Amino acid sequence: MKDKKATSTLKRILISCTSQAQDYGTCVAAKVPEVERDMCLKEFLALKACMQNVVLKRFSVVFCFAVNLLERKEQNMLGSTSSTQSSVGLSGSGALSHVYIQHPPLRCSISGSSGLFYDDGNRILLSPTSDQVFVWKTSPLSPQASPRVDTIDEGPVLSIRYSLDEKVIAIQRSNHEIQFRNRETGQAFSQRCRSDSESILGFFWTDCSTCDVIFVKTSGLDLFSYEPQLKALRLVETKKINVSWYVYTHESRMVLLASGMQCKTFSGFQFSSGGIIRLPRFDMAMAKAEANTKPVLAEEDVHIVTIYGRIYCLQVDRVAMLLHLYRFYRDAVVRQCSLPIFSSKIAVSVIDNVLLVHQVEAKVVILYDIFSDSRVPISAPLPLLVRGMPRATASTRSIDKDAVRLETNELHNHEAVMYGEGWTFLVPDLICDAVHGNLWRIHLDLEAISSSSSEAPSVLEFLQRRKLEPSKAKLLCLAATRTLILERRPVAMVSRAIDVLISSYSHSLKMGLPPQKRAVEGEKTSASSHQHFDGSRTIADDDMSRFEKNGNPNKHAFVSEVEKESQQSMFEDTVNEPIDLTTGGCDISGQQGAQVASAAVSSDEMYDLVFSLIEEEMTGEPAYLVSIIVEYFR
C-alpha cells in the first residue's frame with residue numbers, strides 16, 4: 001500500500017511538473033560542465049515550487065503535522081529552550097531554509113521620527129524626532145526592550161552618532177555642519193567646514209590614539225580631537241583626497257574612500273588603538289557593459305566584512321554578475337576570488353564567520369565558509385524565512401492551509417514579507433526595515449545545514465568552527481559521528497571524521513579554550529532515549545581483549561589514554577597564519593571573536609555520547625567497532 005501511494009505521488013509530480021523539469025534539466029546539461037556548479041537557480045526554484053505544490057495540495061494537513069512533530073523531536077534532542085519555534089508551522093521548518101529571522105522583531109516605530117540610524121560603534125539604533133532621540137540597544141537584541149530617551153536641539157538630522165563612551169551626541173545638521181551636544185550638561189557647539197566648496201559626506205567616532213572623531217568630506221579626511229573643556233574640536237591632521245563616497249565599519253576600524261569617474265579607485269585607512277595604517281591605493285575590477293559606456297560603482301555595491309579575524313572588501317560587479325572578494329595586507333590589496341551572483345541587487349551578512357550573500361531579487365541566500373578560501377557554497381540557495389509568527393487560534397485548527405496564510409498575512413502583513421523595499425542589511429547580522437520601523441537579527445540553522453550534506457568530515461569541520469552556538473554544534477557533531485558508525489560507513493571515512501574531532505580538541509587544549517559544557521544535565525539520557533540505546537553499558541567486553549590486556553579495562557583508562565595522545569597532536573591553525581593586516585591590533589568586539597567556549601569534543605564525551613550508546617547496536621559486528629576504536633586511539 002505504501003509503494004502504491006508513493007508511485008501515485010510521483011506520477012502526479014511527473015504529470016504536473018514536466019515543463020519545469022525539462023527547463024531545469026536543459027539548463028544543468030548546458031551550464032554545469034562549464035562552471036562546475038549549478039547556476040540554474042531560477043529553473044530549480046520553479047521546479048521545486050511545482051513539486052511542493054503537487055504534494056501539498058493532497059497532503060497539506062499531514063505535512064503540517066509532520067513538520068511540527070519533527071521540530072519537537074529536534075528540540076528534544078538538542079535541548080532547545082525555545083517555545084515559539086515548535087508552533088511555527090511551515091515557515092519554521094529547518095528543511096526549507098538554512099537562515100532565518102526570529103519573530104517578533106524589535107519594533108522601533110516612533111511618531112514624528114525623521115528616520116532610523118544605526119550607530120555601529122555602540123551597537124545602538126537611533127530614532128530622532130524634532131527635540132528627542134530614542135535609543136535601543138541591539139546587543140543583545142530584545143524585542144521587549146524599551147528605548148532610553150535623550151534631549152536634542154531642534155533641527156534637521158542627516159546623521160547621528162554617539163561618542164564611544166556615549167557621553168556626547170554628534171548630529172550632522174547639513175552638508176557643512178555637525179553639532180556636538182554633551183548629554184550631562186546639555187551644552188552644545190557646532191563645527192563647520194572651513195570652505196563652502198567642500199561638503200561633509202559623513203563622520204564617525206574612533207578609539208584611535210591620535211584622534212576622537214573623523215569627518216569624511218569631498219576634499220578628504222579631517223581628524224579631530226574632542227576638547228570638552230574648550231567646547232570645541234581641535235584639528236589634528238588633514239588628509240587631502242578627492243572623495244565621491246565612502247564606506248566604514250567600526251568592527252574593522254577601516255574606511256574606504258571612492259574616487260574617479262567610475263568611483264572604482266580607492267584609498268583606505270584603518271584607525272585603531274595602535275595608530276593609523278594607510279592602505280595602498282587600488283582599483284576595483286569592473287566589466288564593461290558596452291564599448292562606449294563605463295559603469296559607475298555605487299556605494300551599496302561595496303561592503304567591508306570581518307571573517308575569522310580577516311578583513312575583506314566585497315564588491316558587486318553588476319555587468320559580470322560576480323562578487324569580488326578583496327583581502328587587505330599592509331602593502332597590498334589582493335583580489336582573492338570571485339563568486340557568481342544571480343541578482344543585480346546583492347546584500348551581505350556575516351554570522352558566526354559564515355558569509356551570507358543575499359540574492360535580493362531572487363529572494364534566496366547563499367552561504368559560504370571561506371575558512372580555507374573555498375569558493376563552493378555550503379549548500380544550495382534557499383530562501384530567508386521568518387520563524388515564530390503567531391497564528392490565530394481558530395485558523396490553526398483549519399484544514400485549509402490557504403486560509404491560515406490569509407489570516408496570518410492580515411494580522412502581520414509586512415512582517416511576513418521577505419526582502420521588503422525598506423530593508424537595509426547592517427553588517428554583520430542585522431536587518432533594518434526603515435519603512436515599518438522593525439529591526440531583525442539573522443540566525444543560522446545549524447541542524448538544517450548539517451543535514452543538507454552527506455560529506456560527514458566536511459560537516460564536522462564546519463560545525464567545529466562555529467562559536468555562537470557551541471553546545472548545539474557539539475551535539476550535532478556527536479550525532480553525526482554516531483550515525484556514521486551505525487550506518488557501517490567505511491573505516492577510512494569514519495577515521496577522517498574522528499581526525500577532525502581529535503584535531504579540534506587538541507587545538508582547544510593548545511589555545512587554552514574550555515570545551516563547551518553540556519547544555520543540559522540529561523543530555524546523555526536524551527541522546528540515549530532518542531536512539532534507543534542503553535547508556536549504562538561500558539565499552540569493555542569480550543571483544544575488547546586487546547584494550548583490557550593493556551591494563552585499560554574501564555572508561556577512565558580509556559579517557560586518560562586518549563587525552564594523553566590528543567595533547568601530543570598538532571592542529572593546523574590557518575586562522576592565525578602570518579598576514580600583514582588584520583585588525584591592526586585593535587580589539588574587535590562582538591560576535592566575531594568574543595566567544596571563548598568551544599564545540600570541541602573531549603574523550604569523555606566521545607565515550608559517554610558515542611561509543612557507550614552504540615555498543616548494543618554493534619553487538620553483531622564487534623570487529624567493526626573495535627576497528628573504529630583503534631582508529632580513535634591512533
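**Salt bridges in the predicted model**

Arg 194 and Asp 222 pair up through their side chains in a salt bridge, with N and O 3.9 Å apart. This pair brings together distant parts of the chain: Arg 194 sits in the loop between β10 (188-192) and β11 (200-205), while Asp 222 belongs to strand β13 (residues 220-227), 28 residues apart. Arg 194 has 58% relative accessibility, so it counts as exposed, the cut-off being over 50%. Asp 222, at 3%, counts as buried, since that label applies under 20%.

A second salt bridge joins the side chains of Arg 387 and Asp 445, here at 2.5 Å from N to O. Arg 387 is in strand β26 (residues 385-387) and Asp 445 in the loop between β29 (438-444) and α6 (446-451), so this contact ties together parts of the chain 58 residues apart in sequence. Both Arg 387 and Asp 445 are buried.

Then there is Arg 489, which forms a salt bridge with Glu 487; their closest N and O atoms are 2.9 Å apart. Arg 489 comes out as partly exposed, with a relative accessible area of 26%. Glu 487 is partly exposed as well, at 44% relative accessibility.

Salt bridges also link up into a network, made of Arg 148, Asp 150, Glu 166 and Arg 183. Across the whole structure, the count comes to 23 salt bridges. As a rule, side chains of opposite charge can pair when their charged atoms come close.

Conventions:
Residues numbered from 1 in each chain as written. Predicted model: local features only at pLDDT ≥ 70, side-chain atom pairs only at ≥ 80, totals over all residues. Heavy atoms only, no water. Salt bridge = Lys/Arg side-chain N within 4 Å of Asp/Glu carboxyl O. Helix = DSSP H or I, 4+ residues; strand = E, 2+ residues; numbered from the N terminus. Buried < 20%, exposed > 50% of the residue type's maximum accessible area, 1.4 Å probe, protein only.
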